[in-house]
Amino acid sequence: MRYSELLLPTLKETPTEAEVVSHRLLLRAGFIRKLSSGVYTYLPLGLASVRKVEQIVREEMNRAGAQELLMPMVQPADLWKESGRWEKYGPELLRFTDRHNRESCLGPTHEEVITDLVRREIHSYRDLPINLYQIQTKFRDEIRPRFGLMRGREFIMKDGYSFDATEEGAEATYQKMYDAYQRIFKRCGLSFRAVEADTGTIGGSFSHEFMVLADTGEDTLAICKHCDYAANMEKATVKQPVSLDRELLPLQKVETPGKRKVGAVCEFLGISPEELVKTMVYLADGDPVAVLVRGDHEVQPVKLKNMLGAVEVELADDKQVFETTGVPSGYLGPINLNIKIVADLEVEGIKNFTIGANEKNYHVQNTNLGRDFKVSQVGDLRQITEDDPCPDCGGDLELTRGIEVGHIFKLGDSYSKALQATFQDSNSEEQNFIMGCYGIGVSRTVAAAIEQNHDENGIVFPLPLAPFQVIILNLDPKNEQITGAAESFYNQLQQESIEVLLDDRDERPGVKFKDADLIGIPYRITIGKRFAKEGEVEVRMRKDGLIKSLSPDEAVAEVVNTIRAEIKAIRD
RNA sequence: CGGGAUGUAGCGCAGUCUGGUAGCGCACCUGAAUGGGGUUCAGGGGGUCGGAAGUUCAAAUCUUCUCAUCCCGACCA
């Protein structure tokens, strides 16, 4: 492609709307333009990167035995009513009626449609397992779209669905998809981890999120430095603490004037936060619950939600705390508290800890769970920390940020039951399909790749996702000798099936350098006055800025060989 | 939906407090020079000041309503 003919509107300045780096760079590098909130046009370069991801996904899904199909985006309400999700899905589902007053929606996901298809077409265990996927634009009317392609309302997604005759079969399929996802993200050239995800009500270890590691990620992960353990903070289990063996001391009420925060109380009493227990009030579906955690720990709301079986938990504010307990926040404690109390595991282990006295300006020391108060449940409720040992191997943990680009899930028979999707097993008995679903945010993967790979000059694409592999800079289009050489490079590289962009614009060299860096093409060949004088061109790597001065023949060989080697290495 | 902010040329902004007929940089068009890290000079085009209503002799500026966008929370590929 010739730059002079390409729609590639790069920007010197960042539009104010863009806050995160991938969004800024996608706009500046001329990859996307916004049409409305969370809805973007992919310009030629942006689309090229999206296609790269799609192609890798396709190849690996096909290799894993899945088949591609394409389902409608517009879906009838009836199907969603049948699965019960027409009511359950909420306002994220964009609904509308057509001219015949038929209710429809834009597909945010396709469990209903695929299950409907399979129940019509598959009737025998002999045809199982079957694994179907599509790559398609999804629409979810997100509450708050943000970060450009990271969370759009309209986005490109690969969604796959598997149907098995047995649990064991479904688990094997799950494993296949897990392996395929590992290959996909490796082939994208990204640094990532598969983490155990919260399975909510279904339980078990059959949900993994694939997280691209990037400081700007929305999720925090706990990963082990020694073994393969990696988990989302919501899921990361904390090891059972050791119970301290100490003599229990008598309760002692102490005055703590104006000391509400853990730090202030500890300083005032000369104790450490490990010897104090905080009482946090949450509203679980509107009902107040006191949650006890050690002073230096934080409550993990998702764990709390799962323990209580609540739909939504929310930290109560000071006003709500006072209204429900009659105690000003800061002096709350579990003794004689009039609301439900649950405690983190750790609280069981500590002896003689300090708590609020349920009275302004007072705390109570030497408190002990069981002796002085009771709780209705004890469990893992706190956020894991870097000081905790790995739950698998006991090694050191590290907390890092990640961006969720893929999610695989064993669904079981919930959808096949709801939609009465059955097949006959070898005993001629009707069985529900055992399903799994597997998603990849294709457009988000491009954004995540940029979040992970950029510098102050722009995007630094991993080779497999770059819209072009090589950019040739003709620094002096008016010089026949230089232009001739540039054209010759362009032709030769194209003949070698290298994806190449020729910057043939009548622009100053500086402009071309800046743009080449900004759009992040991995290899750059510069032809300028050094070629006119010494017959040498320059090959530069975007990643590390390494420059080699080579003769034209050497340069072509260098670029072709390195690119082929790199692609091969990633593929194998 | 709750909290915060912003809407003035394609992009980045000034002008708003204190009302007086809209400006700067970049980008764009014309011409010339320049040609290895966003070059320079000269000339030029482009604006319902987000929208509506109101106050006023006069509104980008004051008032009210409204729409849109962005950031922080709950949700998710």
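Predicted model: local features only at pLDDT ≥ 70, side-chain atom pairs only at ≥ 80, totals over all residues.
I take contact to mean heavy atoms within 4.5 Å. Residues are numbered from 1 along each chain as its sequence is written, chains are lettered from A and ligands numbered from 1 in the order in which they are written, and side-chain values use heavy atoms, with hydrogens and water left out.

**Entry: Asp504**

I looked up Asp504 and found that, leaving aside neighbours within four places in sequence, Asp504 is in contact with Arg2, Tyr3, Ser4, Pro477 and Lys512. Asp504 sits in the loop between β28 and α14, where helices (H or I, at least four residues) and strands (E, at least two) are DSSP runs numbered from the N terminus. At 18% relative accessibility Asp504 counts as buried, the classes being buried under 20% relative accessible area, exposed over 50% and partly exposed in between (1.4 Å probe, protein chains only).

**Entry: chain A overall**

I counted 16 helices and 31 strands in chain A, and I found that 52% of its 572 residues count as buried. The C-alpha trace spans about 95 × 70 × 50 Å along its principal axes. Of the contacts in chain A with a separation of 6 or more, 68% are between residues 24 or more positions apart. Chain A exposes about 26200 Å², with 47% of it supplied by carbon and sulfur atoms; accessible areas come from the Shrake-Rupley method with a 1.4 Å probe, and for residues only the protein chains shown count as cover.

**Entry: charges**

I find 70 positive and 91 negative side chains in chain A, the centres of the two sets lying 3 Å apart. Lys and Arg count as positive and Asp and Glu as negative, with His and the chain ends not counted, and the place of a charge is taken as NZ of Lys, CZ of Arg, CG of Asp or CD of Glu.

On the surface, I noted a patch of negative charge made up of Asp285, Asp287, Glu312, Glu314, Asp317 and Glu323. Patches are made of residues with over 30% relative accessible area and no salt bridge, like charges being joined within 9 Å and nonpolar side chains (Val, Leu, Ile, Met, Phe, Trp, Tyr) within 5 Å. Asp285 lies in the loop between β14 (277-284) and β15 (287-294), and counts as partly exposed because its relative accessibility is 44%.

**Entry: salt bridges**

My search of the whole structure gives 46 salt bridges, each a side-chain nitrogen of Lys or Arg within 4 Å of a carboxyl oxygen of Asp or Glu.

I looked at Glu54 and Arg51, whose closest N and O atoms are 3.0 Å apart in a salt bridge. Both residues lie in helix α2 (residues 44-63), three residues apart, or about one turn of the helix. Glu54 counts as buried at 5% relative accessibility, whereas Arg51 counts as partly exposed at 45%.

Arg294 and Glu346 form a salt bridge with closest N and O atoms 3.2 Å apart. Arg294 lies in strand β15 and Glu346 in helix α10 (residues 345-349), so this pair ties together parts that are 52 residues apart in sequence. I recorded both Arg294 and Glu346 as buried.

Asp506 and Lys478 meet in a salt bridge at 3.6 Å, N to O. Asp506 lies in the loop between β28 (500-503) and α14 (509-519) and Lys478 in the loop between β27 (470-474) and α13 (480-495), so the pair ties together parts that are 28 residues apart in sequence. Asp506 counts as exposed at 57% relative accessibility, and Lys478 counts as exposed at 68%. I also traced one network, in which salt bridges that share partners join Asp455, Asp517, Arg524, Arg530, Glu538, Arg540 and Arg542.

Helix α5 (residues 111-121) is mostly covered, with eight of its eleven residues buried, including Glu111, Asp116 and Arg119. In the loop between α5 and β7 (130-139) I found Pro129, and the peptide bond from Leu128 to Pro129 is cis, with omega near 0 degrees.

Asn336, a residue other than glycine, has a positive phi near 60 degrees and lies in the loop between α9 (318-325) and β17 (340-344).
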